Amino acid sequence: MAKVRPFRAFRPPPALALEVASPPYDVISTAEARKLAEGNPASFLHVSRPEIDLPEGTDEHDDAVYAMGAKNLAKLIAEGALTQDPEPHLYLYAQSMGDHRQIGVVGCAAVSEYLAGAIKKHEKTRADKEDDRTRHIEELAAHDEPVFLTYRKDPTIDALVRASTEAPPIYDFTTKDGVGHRFWVLGRDATRALEERFEDVACLYVADGHHRSAAAARVHQIFRGDGREHDIFLAVVFPHDQMKIMPYNRVVRDLEGRSPEAILERLASVMQVEPRPDGLAATPPEPRTFGAYLAGKWYLLRAPQDPARDQDPVASLDCSIAQDLLLGPIFGVKDPRRDKHVDFVGGIRGYGELERRVDAGEFTLGLHLYPTQIEQLFAVSDAGLLMPPKSTWFEPKLRSGLFVHTF
C-alpha cells in the first residue's frame with residue numbers, strides 16, 4: 001500500500017503566490033538565486049537558498065547559512081507570506097508547459113515506507129548532498145521542497161482528481177518560463193477518498209528528490225520519539241502517464257588533444273556515424289541513437305544491436321550505452337560523478353547549449369541523448385538496481401514555496 005497523508009500546509013495567500021514561488025534550489029546557482037530574489041522579500045529562495053542573504057562568497061554549507069534559512073522561514077510566516085491551513089488536507093498541483101499537462105496529489109509520504117522499499121529508488125545519493133539536505137531540514141524543522149514521486153496510473157485516482165479540478169483553483173498563475181501553475185485545496189471528503197484509494201497502490205517511485213527523501217529519513221532518526229510529525233515528508237505524486245522526461249545530455253573534453261578527424265574515426269569504430277546537413281542538429285529519433293556535435297558540425301550516431309545488453313535494465317539505458325561505448329573508452333571518463341572533463345546539460349536547455357559550450361572551447365564534443373522512458377525507470381527500480389548519474393531530467397520542475405510541511 002502507498003500512504004499519501006494529508007497535512008496542514010503553510011502556503012502563501014493567493015495574492016502572493018507568484019512572488020513566493022521559486023525554482024527548486026538544485027537547478028539554479030547561488031548567483032542566479034540572488035538575482036531572481038533581488039527586490040522580492042517574499043521569494044522562497046530566501047529559505048531554499050539562504051546564502052543569498054549573506055555576504056557574497058559565503059560557503060553555502062556554513063553554519064550561518066542553515067541558521068539564515070530557519071530565520072527566513074520564520075520571517076515569511078510572521079509577515080503573512082506563508083499561513084498554515086487550520087485542518088489537514090490533500091492538495092492538487094497542476095502544471096502546463098506547452099501542450100504538456102500534469103496534475104499531482106500533494107501530501108506527505110511515509111518514512112517507514114521509504115525505509116522498507118515501498119517507495120522505490122533508482123539513484124545513488126552522494127554523502128555530501130545528503131548531509132546538506134539533512135542539516136537544512138533539521139534547522140528548518142520543516143520539509144520545504146517536495147519529493148517528486150510517481151506511480152502506475154490508477155483510473156479511480158484519475159477520476160477523483162478530475163472531479164476535484166472542476167472547482168476554481170486557489171492559485172492560477174504563469175511564471176516567466178511560460179509554465180502555468182494551478183493549485184486546489186481539497187475538502188474532507190475528497191481528501192479521504194484519495195487517501196483511501198492510494199492504499200490500493202502497490203508502491204511509489206522516486207522520480208526526483210532522492211537526496212531530500214534520504215535526508216527526511218535521517219532527520220526522522222535524529223528526532224525519533226519527540227512526538228513531532230517527522231515520520232512523513234513532503235511529496236507531490238503524479239501518475240506515470242503524465243511524466244515528461246527530457247534527455248540529460250553530456251559534454252566532454254578530449255584530454256588527448258586529438259583532431260576532429262581522429263575523434264570521428266574513433267567514433268566510427270564503435271558506432272555508425274551519419275553526418276547531418278550543415279545547420280541541422282542531430283536529434284536522436286529512437287533509443288540507441290545519439291546526436292554528436294563536434295567542430296561545428298552535427299552527426300547522428302547509431303549503436304550496434306546487442307541482445308545481451310537489451311536484457312539488462314541498466315545496461316540498456318542510453319546513458320549507459322553512451323558511457324560504456326563512448327565516454328569511457330574514447331574519452332577516458334572513468335567516473336562520471338567525479339571526472340571534471342565531463343559535464344551534464346539538462347534537456348530543457350536544448351541542443352543550442354551543447355553547441356554553445358563546444359563552440360566556446362569549453363568542451364570538445366556535445367552528446368545529445370534519447371530520453372530515458374518512465375518504463376525503464378520502473379524496470380530499474382523494480383529490480384532494486386540503480387541508474388547511472390544524470391539519467392533523467394523531469395520537466396516542468398515543481399515550484400518551491402507553494403506548500404511547506406513543518407514538524
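Two strands count as paired if DSSP finds at least two bridges between them, and I keep that rule beside me while I look through this predicted model.

**Entry 1: a pair of strands.** I looked up strand 13, which covers residues 248-252, and I found that strand 13 and strand 17 pair in the antiparallel sense over five bridges.

Entry 2: I then followed the neighbours and wrote down an open sheet of six strands, in the order 14-16-15-18-13-17, with antiparallel pairing. Which strands are the edge strands? They are strand 14 (272-275) and strand 17 (342-346), and each of them pairs on one side only. As a reminder to myself, strands of a sheet pair through backbone hydrogen bonds, either parallel or antiparallel.

**Entry 3: two helices.** Two packed helices are described by the angle between their axes and by the distance between the axes. For helix 7 (residues 155-164) and helix 8 (residues 188-198), I recorded an angle of about 165 degrees and axes 10 Å apart. Angles over 145 degrees count as roughly antiparallel, and therefore helix 7 is roughly antiparallel to helix 8. The crossing of helix 7 and helix 8 is left-handed.

**Entry 4: the residues that meet.** On the helix 7 side I listed Thr156, Ile157, Leu160, Val161 and Ser164, which meet Ala190, Ala193, Leu194, Arg197 and Phe198 in helix 8. Sorted by class, this contact of helix 7 with helix 8 has seven nonpolar residues, two polar and one charged.

Definitions and conventions: Residues numbered from 1 in each chain as written. Predicted model: local features only at pLDDT ≥ 70, side-chain atom pairs only at ≥ 80, totals over all residues. Heavy atoms only, no water. Axes fitted to C-alpha atoms, helices over the stretch in contact; angles between N-to-C directions. Helix = DSSP H or I, 4+ residues; strand = E, 2+ residues; numbered from the N terminus. Parallel < 35°, antiparallel > 145°, perpendicular 65-115°, else oblique. Left-handed = near helix turned anticlockwise from the far one by under 90°. Contact = heavy atoms within 4.5 Å. Nonpolar A, V, L, I, M, F, W, Y, C, P; charged D, E, K, R; others polar.
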